[in-house]
Amino acid sequence: MGSIFNLQQIVNGLQLGSIYALIALGYTMVYGIVRLINFAHGDFYMVGAYAAYGAFYLFNAFVGGGAPTAFIVLILAMAAGGAIATLANQIAYKPLRYKPKMSSLVTALGVSMFLEYFFSAFPLIGANPRGFPDLLPKVIYQVGPAAISNYFIIDVAVAAVLMGGLTILIQRSRLGRAMRAVSQDKDASKLMGINVENIITWTFLIGGMFAGAAGLLAGMTYPRIDPYMGILPGLKAFIAAVLGGIGNVPGAMLGAYIMGLAETFANAWNSLLGAGIAFIILIIVLLVRPTGILGEKLADKI
Amino acid sequence: MGNMKLPRLTIIAVLLYALIQLLSLVGVLNGYFLIIINQSLIFVILTVSLNLINGITGQFSLGHMGFAAVGAYVSGTITTLILKLSPDKLGNYPIFVIAIILGGVFAAVVGLVIGFPSLRLKGDYLAIMTLGFGEIIRIILNNIDYVGGPRGLLGIPKFSNFTIIYVFTFLTVVLLRNLIQSSHGRAMLAVRENEVAAELVGVDTTRYKVLGFVIGAFFSGIGGGLLAHLLQIAHPTQYGFYASALLLVYVYAGGMGSITGSIIAAFALTFLTQFLQLGLDSLTNITGISFGSEWKMVIYAVILILIMLYRTEGLMGMKEAKIVMLEEEKK
Amino acid sequence: MSALLSIKGMSHYFGGLKAVSNFNFDIPEGVIYGLIGPNGSGKTTTFNLITGIYTPTEGKILFEDREVTGLRSYKIVQQGIARTFQNLRIFGDLSVLDNIRIARHFNFKAGLFGSFFRTPGTLKEEKKMREEAMELLAMMHLQNRAHEVAKNLPYGELRRVEIARALATGPKLILLDEPAAGMNPKEVADLMELIRRIRDEFKVTVFLIEHHMKVVMGICEYIKVLDFGETIAEGLPEKVGKDPKVLEAYLGKGGA
C-alpha cells in the first residue's frame, strides 16, 4: 500500500484545506469581532454552492460555458454568501448584540436550521442532492504517482487570491484597521469615532462572501450538493479556526490547512479515524492550548 | 415532623395521571395523543437534566444528547442483545427498570470522564469541547458493529409505556427540584451567578460543576433509555450535535433555571411540532400541492428566532411556579 | 500562635511586570489594619494572593501558623479568611437570604442523598442554616430585605450584603477591598461603626484597603503603604501620615 503520506494525499489535503480556509476565515473574523460562534456560517457556504449552481445554469443558457461564465458564477456565489450573511446579522444577530451570549448562540442555531430546512422544503431546490455541473473542462495532470486535476490548482489559487486580498485589506486599509480595532476593544473603538455596527456588518459580509466562494469550490471539486452539506464542513472549519487560534486570521488559514491535511491522511489510514480526527484535534487543542497555535491568552481582571 | 401532609406536587401528579388514563380509556385521547404525551414526558426529563447543567450551574454543555445516547445504547444492549427480553412477560419489567438505571449510571460515568477535562474551560470553549465529545460519542457508536453501527440498534422491545415514562418523569422532576432547592443546589446557583465569589465563600466550584454535569448526564441517560424503548430503535444520528442543539432550544424557550419552564417548553414544543405536521398535511390535502415535512421545521426555526428576539429570557425566565416550589422556600 | 496572618517575602510577577515585591507582614489578632497606596500599587493583587486567586511567584503565607500558600481559594476561606470585592460580586439573581446561606454551605453536613430525598436530618440542617442566616441579616439590619432579589437593592445596601456574606463564612480574618467606595458621608460613618462592630462583636480581625483617608485615619490601628508593589511605610497612622516617602507617592516630588 505504501505510505499514506504520499503526494496524492498531500494534494488532496491542500485542496480540502483551501476550502476549509475560506470557511474558517469567516468564523474567525466574526468571533474576533463579536465573540459569537456563528453556527449558521456553514450554511452560508451551502447557500453559495446553490447560488453557483443556479447561476451556472442561468448563464450557461445565455453565455455558454468556459472561463468567463465560471468567473461570473464565482462572483455570484460570493455575493449570495455575503448577502445571506449580512441579512442574518441585520435580522437575527444585531438585535441581540448586547444581550447575554447564549441568546445569540441559540439564534444562530435557529438561523442555521432555517436555512437548511428552507432549502430542503423549497420545491425548486429540495432535499435531494444534486450533481454539480462541470464549470470548466476537467484536465488531469500526472505528476509522478499523483493525479492532479486543474480543479486543484483552481481551488488553491482562488483561496490564495482571496486570502491574500483579505490580508492586504486587514493590514493596509482603513477598514482593516477599524476591524482590528473593534476586535481588540469595542468601546475604545467607539470613542475613536469608529462606527462599530458598520464594521461588524462589513465583517459578516466579507466572511459570508468567502463562505460563498468556498461553496462554489466545494461544489466543483466534490460535485454533490445538498441543503445539509454545510453542517460537517462548517464544524470542521470552525475547529480549524480554533486550532489556529480563534479570532486570529493567519491562524484560521494555518489551522485550515493542517485540518485538511490531517483529515486526508487520517481517512487514508482508516475511515473511523477520518471521521473522528477533527474532533480529536479539537479535544487535544482545548486541553493543551485552548487559545490555539497563534492565539493569545486573554486575562481576567479580578 | 408532626403532620404528614402529602405534598401538593405529588397529589397533582397523581390526579393528572388518573385523568390521562381515564381519557384514553374512554377514547377521548387516542393512541396518537398518547404517543405525543409520552415523547413530551421524555423530553421533560432530557430538558430538565440539561437545565441543571446550563441553567442552574451556568455551564454551557452542547453535547447533552451524547449522554442520552449512552443511556439508550446501554439499556438497549441489555434488553435486546444480551437478555433478549420480551415486554409481554410482566416479570421482565423490573429488569427493564434496572437496565434503564444502569444506562443512567453509565451515562453518569461518561459525564465524569468528560466533565473533568472540560469544566476547566469556560463559556464558548466549554461549549465546543462538549460539542466535540458529543460528536465523538456519536462516531464511536456509529462504528461499533455489535450495536448495529450505522444501521442503529434495532428491534428494541417496547417496554416504555405511559405509566413507566410518567413515573420516571415525575421522579426526575421531584428529585431535581429537591436538589436545586437545597443547599447543594444553591451552591450550584452560586457557581452560575459569580464563580469567583462562590469560591470566595467556601464553595468548591470545581466539585459542583462536575456534580451538575454528572447528575445531568445520569438523568439524560435515563431519558435516552426510555426513548429507545419507546421508539424501539437507537440510532447514532438521533443523538448528534443537532439533537443537542435542539435540546438547548427547549431549555432556553422554557427559561434557564426554571424546572416549570422546562416542563412547559417540553410539552409545548413537542406538541407544536406535531400540530405543525398536521397543519402541513391538511394544507397539502386542501391545495393539492405537496408540502413536505421540512416546512414544519422551517416554521419551527422561525418561531425560535422570534422567541429569541422578543422574549430572550424564555417563558418562565428563572422563576418557578408555586406548585413546583418547596413549602419553606416560598416567601 | 504568633500572628494571625503572617506573610514572608511574598512577590508576584505578571509576566515581566512585578506587581508585588517582597511583601512582609504580620497581623496580630483583633486589630484593624489598613493597606493604602496609589492606584495600581498592588493592593488588590495582595488580597488576591492571600485569598488564593493567584499563587505568589515567591514567598509564604501562613494563617494561624498553617501554610496556606497556593491553596485553592475555597480551602483558604474554609480555614477562616473572608473577603469582599472592589467591584461588588453579589449573586445578583438570587435573594439576599440565599446570598448569605450560600456562604454557610461549607458548614452544611448533609450529603447529596439527604438533599435528594429530604431526610429529616437534612431538613433540620436546612432549618438551622436558615435561622443562622436570618440572625446574621438581623445583626446587619438587613432582615427586611431577606427575600428581595439582590440585584434590586441600592448600592449602599449591597455593600452591606457583601460584608454580611463574608461574615457568614465565620471567618477569623476579613479582607475588605475599598468598602467605602461610592458612599456618602453618612454611609461612611455607618461603615466605620460597622467595621468596629465586626472587630468587637463578631471578633473578626480586619485588614482593609481604602482610599478614603477619613476611614483610614479614623479606624485603622496600623497602616501599611504600598507603591509600585513595594512597601514604603508601615506603622501607626500618625507616623505614616507624616512620612515623606508616603507624601511623595501620593502627591509627587516637590510638593506637600
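Biologist: Which word describes A:Trp202, buried or exposed?
Modeller: This is a predicted model, in which local features need pLDDT of at least 70 and side-chain atom pairs count only at pLDDT 80 or more, while totals for chains, interfaces and linings use all residues. Residues are numbered from 1 along each chain as its sequence is written, and chains are lettered from A and ligands numbered from 1 in the order in which they are written. A residue is buried if 20 or more other C-beta atoms, placed from the backbone, lie within 10 Å of its own, exposed if 12 or fewer, and partly exposed in between. A:Trp202 has 21 C-beta neighbours inside 10 Å, so A:Trp202 counts as buried.

Biologist: In which helix is the place of A:Trp202?
Modeller: Helices (H or I, at least four residues) and strands (E, at least two) are DSSP runs, numbered from the N terminus. A:Trp202 lies in the helix of chain A that covers residues 196-221, namely H8.

Biologist: Which helix gives the most to the side of chain A that touches chain B?
Modeller: Two residues are in contact if their C-beta atoms, placed from the backbone, lie within 7 Å. By this criterion, 30 residues of chain A are in contact with 29 residues of chain B. Helix H4 (101-121) and helix H11 (271-288) of chain A each supply at least two residues of that side of chain A. The most, 13 residues, comes from H4(A).

Biologist: At what angle do the axes of H2 and H10 of chain B cross?
Modeller: Axes are lines fitted to C-alpha atoms, for helices over the stretch in contact, and angles run from 0 to 180 degrees between N-to-C directions. Under 35 degrees counts as roughly parallel, over 145 as roughly antiparallel, 65 to 115 as roughly perpendicular and the rest as oblique. The axes of H2 (residues 31-56) and H10 (residues 241-254) of chain B come within 9 Å and cross at roughly 75°. H2(B) is therefore roughly perpendicular to H10(B), the crossing angle being roughly 75°.

Biologist: Which residues of H10(B) make the contact with H2(B)?
Modeller: H2(B) contributes several residues, among them B:Phe43, B:Leu46 and B:Leu50. On H10(B), the contact is made by B:Leu247, B:Tyr250, B:Val251 and B:Gly254.

Biologist: What is the radius of gyration of chain C?
Modeller: Chain C has 10 helices and 10 strands. The radius of gyration is taken over C-alpha atoms, and the globule rule is 2.2 Å times the number of residues to the power 0.38. For 256 residues that rule gives 18 Å, so chain C is as compact as a globular protein of that length, with a radius of gyration of 19 Å.
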